[in-house]
Amino acid sequence: MVARMTGITVPYVLQHTLQISPWLHLYDPHFTGLLLHSCDPLVFLDMNKLEIWALQDIEKGDALTMDYASTEDILYRQFPCACGSDNCRGWITGRKERINEQGRRYLQNLERKCG
Ligand SMILES: [Zn+2]
């Protein structure tokens, strides 16, 4: 275990909230809310126990990353990803939402560039 999470709970999604349940979100603009996304993340967030667990060895100086789709049904904002991992999805959505029009265009352009 890396850390325990804290923050205040709110009934809506903000840019730096993490989903506890569909109706409850943890707002922490200082630490957990600022974890960066990676499709091959260093940590996993247990939103039931509010604990952060390492998924890989973490070296001093590594930026802690998580997979936003592992906690969020619907993201505050979908976005392109260039995390560089072999399993990078290219466009990040929540786990219960479809890729939006902007994402479809982005991924089409990416396929054209990569062949
Ligand atoms: Zn990625």
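## Cysteines

Across the whole structure, a search finds zero disulfides. The model is a predicted one.

Cys81 has a relative accessible area of 8%. Buried means under 20%, so Cys81 is buried. Cys83 has a relative accessible area of 29% and is partly exposed.

## Aromatic pairs

The search of the whole structure turns up two aromatic pairs. One of them joins Tyr68 and Phe79. Tyr68 sits in the loop between β8 and β9, while Phe79 belongs to strand β9. The two residues are eleven apart in sequence, so the pair ties together separate parts of the chain. Phe79 is partly exposed, at 22% relative accessibility.

Trp91 and Tyr106 form a tilted pair. Here the distance is 5.5 Å centre to centre, with 40° between the planes. Trp91 lies in strand β10 (residues 91-92). Tyr106 lies in helix α1 (residues 101-114). The partners are 15 residues apart, and their pairing links distant parts of the chain. Tyr106, at 28% relative accessibility, counts as partly exposed.

Asp73 is found in the loop between β8 (65-66) and β9 (79-80). Tyr68 is also placed in the loop between β8 and β9. Is Asp73 buried or exposed? Its relative accessibility is 11%, and the limit for buried is under 20%, so Asp73 counts as buried.

Which residues does Asp73 touch, leaving aside those up to four places away in sequence? The contacts are Gln19, Pro22, Gly94, Arg95, Lys96 and Glu97.

Phe44 is placed in strand β6 (residues 43-46). Its relative accessible area is 37%, so Phe44 is partly exposed. Patch residues need over 30% relative accessible area, so Phe44 passes that cut-off.

Technical notes:
Residues numbered from 1 in each chain as written. Predicted model: local features only at pLDDT ≥ 70, side-chain atom pairs only at ≥ 80, totals over all residues. Heavy atoms only, no water. Helix = DSSP H or I, 4+ residues; strand = E, 2+ residues; numbered from the N terminus. Buried < 20%, exposed > 50% of the residue type's maximum accessible area, 1.4 Å probe, protein only. Contact = heavy atoms within 4.5 Å. Disulfide = S-S within 2.5 Å. Phe/Tyr/Trp six-rings, centres within 6.5 Å; stacked < 30°, edge-to-face > 60°.
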